Amino acid sequence: MAKNNTRHAATDLRRPKAVRKPARPSAPKSIDFPINKLPAELVHMICVYLKPTEIANLRLVSRLAAPIGLQYMVPEVHLILAKDSFEQLKTLAEHPIASKYVTSFFFEADKLGLLLRKRWEHVVAGPQFIAQVEELHMRGHPCPHASERSVRTFNREVSKMSAAPRHHYTEEQMDHAFENYCDFTYFQQGSEEAAVQEKEVVEAMKHFPHVKELTMSTQCCARIRTSRLRKTFEPAFCTCYEIDNPRNTKLEPLGLRQMRSLLLGAYHAGLKVEALHCGVVSWRILKQDTETFARMRNSVSNVKNLRLEFTTGLGKDDDYSFEELEIESCASYLEAGRLRDFVTAAPNLEHLRIGFQFNEPIWPTQLEYIVGEHHWPSLKTVELIKIATSEDELVSFCSRHASTLKSLYLSSIGLLEGDWFSAFNKMRKILTLDSMVVLGRLEGLDEGLDFEMGSEEYCPELKEGIEAYFMGPCSSDESSLDEFLDFYLPNSDDTWSEWDSSDGWW
């Protein structure tokens with residue numbers, strides 16, 4: 001037994017002992033961000049600085065962040081006249097959570113013009129070609145005293161550019177783009193399809209109970225045209241849009257269905273809309289049957305910010321004469337008070353903008369047919385564009401709103417009775433404005449005040465003087481506009497002196 005024990009002991013002595021490796025330091029434990037323990041206010045502040053894709057990831061973190069993130073992902077519906085856009089609208093409306101956080105509805109309602117393939121390619125390539133020609137002119141246009149050789153060189157470069165391809169797209173890309181363009185025009189132009197679109201908008205708005213702002217945009221008005229339309233028609237973007245053309249009976253009045261769908265949608269959904277921005281829409285939006293108009297009128301009962309711009313057909317720069325405009329029909333119809341009934345349906349107005357695109361051959365309407373004797377107790381800003389009035393009517397309107405009105409904007413206004421300087425003197429004694437703007441041509445019985453930049457009679461000193469005249473509180477010994485201009489602009493320019501002493505406007 002002893003021998004065996006000795007052998008085992010010797011064996012154990014010869015066996016090398018295992019070297020113990022030092023234990024690796026344990027990795028630091030990850031710290032979970034306790035977003036669920038944050039106040040909801042802080043989560044809102046975080047979302048303000050995040051992109052929509054980042055907000056989408058944040059929503060997956062916790063139950064607290066999920067509903068808050070939605071408020072910053074889909075605050076606005078952006079609809080264009082495209083099939084997939086209407087499908088997205090329906091999907092959002094059917095979402096049980098996201099639909100509850102929509103607060104704004106933006107309808108970019110431009111329709112594409114109908115063009116043949118050759119004309120379409122010219123429109124698509126035109127802006128790029130024009131930009132190249134303009135660049136050539138800026139870079140190397142010969143001066144009046146240039147040699148004949150320089151002129152020939154310049155003309156040769158222009159000729160080469162004209163003969164060169166006007167775009168860099170392949171034939172396959174152009175075929176695909178034109179096919180896409182045809183699909184869109186088919187979707188937009190069909191009258192039956194348009195009726196379906198109107199119903200879809202009305203139905204979808206019933207699922208957006210918290211919408212406070214409605215915007216309908218055509219012809220870059222109300223908002224600058226967004227990149228969504230451009231992305232929709234890539235690689236070949238067509239910049240030709242349908243215009244209001246009463247001569248073509250197959251075309252619907254510009255923006256009429258789209259604007260009506262928003263207003264009726266707001267009515268049926270019981271929305272308390274606070275802002276309505278519309279530009280540009282046919283004046284015939286007001287020419288609805290009694291029941292439809294009553295519903296449209298009801299939808300603006302809570303509006304505080306109202307912006308409306310109307311068109312009456314084509315302008316003088318188009319290929320048609322003034323006789324083909326609807327401006328006379330518009331003026332006659334609005335005398336009955338339809339526009340006044342619509343505008344005065346909003347008793348809490350704070351900001352009012354009413355404008356027309358054209359004022360020839362007659363004024364589209366008058367101030368009394370827009371506001372009547374109505375008084376808005378909270379009215380702060382007023383913009384009037386291409387309408388007519390009288391001195392007494394304009395002064396009366398200012399008098400009714402003198403306690404609240406802080407900003408006045410007059411552009412291309414016609415004074416049918418009275419005198420502009422007399423009107424300004426009376427308005428100055430009534431109003432205390434923070435901002436006064438005069439633009440275009442203020443027509444009078446005899447002469448007008450021309451504030452149209454580029455015209456031969458434009459006098460920037462007069463514009464500046466009139467606007468400065470209305471600034472600040474009015475004292476009891478306030479001077480007249482004539483006296484103010486003599487003091488404000490004493491011999492500031494030779495042109496002013498000559499104009500002042502000649503047959504001027506006063």
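Cysteine 330 is buried, its relative accessible area being 0%. Cysteine 47, at 1% relative accessibility, likewise counts as buried, because the threshold for burial is under 20% relative accessible area. The structure is a predicted model, and within it the number of disulfides comes to zero. Such a count rests on pairs of cysteine sulfur atoms within 2.5 Å. A disulfide, in general, is a covalent bond between the sulfur atoms of two cysteines.

From these two residues one may turn to the protein as a whole. The chain has 506 residues, of which 42% count as buried. Its secondary structure consists of 20 helices and twelve strands. Where contacts join residues at least 6 apart in sequence, 79% of them link residues at least 24 apart. The accessible surface amounts to about 28,400 Å², and carbon and sulfur atoms account for 52% of that area.

The largest of them comprises 93 residues, and the most contacts inside it belong to Phe105, Phe107, Phe208, Phe424 and Met427. Helix H11, spanning residues 256-269, contributes the most to this core, with six residues.

Note on methods
Residues are numbered from 1 along each chain as its sequence is written. This is a predicted model: local features need pLDDT of at least 70, side-chain atom pairs count only at pLDDT 80 or more; totals for chains, interfaces and linings use all residues. Side-chain values use heavy atoms; hydrogens and water are left out. A nonpolar core is a set of buried Ala, Val, Leu, Ile, Met, Phe, Trp, Tyr and Cys residues joined through side-chain atoms within 4.5 Å. Buried means under 20% relative accessible area, exposed over 50%, partly exposed in between (1.4 Å probe, protein chains only). Helices (H or I, at least four residues) and strands (E, at least two) are DSSP runs, numbered from the N terminus. Contact means heavy atoms within 4.5 Å. Accessible areas come from the Shrake-Rupley method with a 1.4 Å probe; for residues, only the protein chains shown count as cover.
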